[in-house]
Amino acid sequence: MELCNVLKYDRSLYPGKAVFFYKTAENDFVPLEAEINRIRGQKAGFTEAFTPQFKSKNLAPQDLAHCNPLIIEECYVPPNVEHIYCRFSLRAQANSLKPSGCSEPAVFSLLQELATTFKACGGFKELATRYCKNLLLGSWLWRNQNTGNTQIDVRTSSGNSYQISNTRQLAWDSHWPADTQRVLDELSQELHQALTEPTEFWHADITAKIETAFCQEIYPSQVFGEKATQGEASKQFAKVKCVDGRYAVSFNSVKVGAALQLIDDWWEDGSKRLRIHEYGADKELGIARRSPESELSFYSLFVNAELYLAELKEFLPKSEPSISPNIYYLFAVLIKGGMFQKKAEAKSKS
């Protein structure tokens, strides 16, 4: 298969903003607000004292002892509050079953048949389970996972409620107790249905109840904007304006979605899970785990769609087909969505 000049997929997972709040005896939703602090930062960076050639700068002894005044936003649990809540919604649609735009009818038919066969082989069940694992483990809380016991509650549009009483007792690769495994299986089945049935409208409401220490720090999303003007905080948090005019700190939807997509351990080493990315971006090391040279990039695998279709058709009669990790990865990227076409060739002048 060749990439088309127009080829795109709408994403299948739609997380909302995750909002932080706490409860009191009088109110079950009190926005968790940021505070602006002015601090005296230290001059401790490498460039303060050294040139790029690692030669010391000509500085007076007191130059490195001066403070560096900063204005930043910070967020802490209010005194006498024992639990912080974080809540978001998630919608799912079956958009990976076919392209949302394709300039070649033959390619459109091939990709639609590939998705239909992958569905018949039960491939979407594995992907749904992985997304739900991240949901129930609270991976979307990011640095806020490093705290006390955390309870996860999920209410779905199907009228069902699921609960994980303490995420700290679970891990991605650990053996889950029977009750939590049942929660994972049942929630995954709902998400699987939403990812494979175009007429299904499914959404879930997810809330984490986080046990906190006295006045501990909370880490919402940070806003990356233009350089702060005079008197403004150089570090600012994402916020949601509430009906009473106050602003609750939050995670933006992209950060929540990134956590749910931490499922790629199908790359060559597979020593850790990566966020789904066409070139396997490893943010910790700043390298691509699926570089073009590795022939494991999304595009290198995507052009083999005919071969993967033939492979899936061989598995179809089997009760438990063994699906290639490359195929799982391909459909995880399609669920993420994006523009996958090659650049249109310039028209030659006659």
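Helices (H or I, at least four residues) and strands (E, at least two) are DSSP runs, numbered from the N terminus. The model is predicted, so that local features require pLDDT of at least 70 and side-chain atom pairs pLDDT 80 or more, while totals for chains, interfaces and linings use all residues. Residues are numbered from 1 along each chain as its sequence is written, and side-chain values use heavy atoms, without hydrogens or water.

Ser324 lies in the loop between α7 (305-315) and α8. Ser324 has a relative accessible area of 14% and is therefore buried (under 20%; exposed is over 50%, partly exposed in between; 1.4 Å probe, protein chains only). Its side chain reaches the backbone nitrogen of Asn326 at 3.1 Å.

Helix α8 (residues 325-336) supplies nine residues, the largest share, to the largest nonpolar core, which has 85 residues. Such a core is a set of buried Ala, Val, Leu, Ile, Met, Phe, Trp, Tyr and Cys residues joined through side-chain atoms within 4.5 Å. Leu127 and Trp140 have the most contacts inside this core. Contact means heavy atoms within 4.5 Å; beyond four places in sequence, Leu127 touches residues including Phe118, Ile263, Tyr328 and Phe331.

Helix α4 (residues 178-196) has 19 residues and should span 27 Å at 1.5 Å a residue, which agrees with the 27 Å between its end C-alpha atoms. The expected span is 1.5 Å times one less than the number of residues. Among the buried residues of α4 are Val183, Leu187 and Leu191.

An open, antiparallel sheet has the order β8-β1-β20; strands pair if DSSP finds at least two bridges between them. Two bridges join β1 (residues 7-9) to β8, and Leu7 has Cys102 as its bridge partner in β8.

Definitions and conventions:
Polar contact = N/O pair within 3.5 Å; in protein donor to acceptor, adjacent residues only side chain to side chain.
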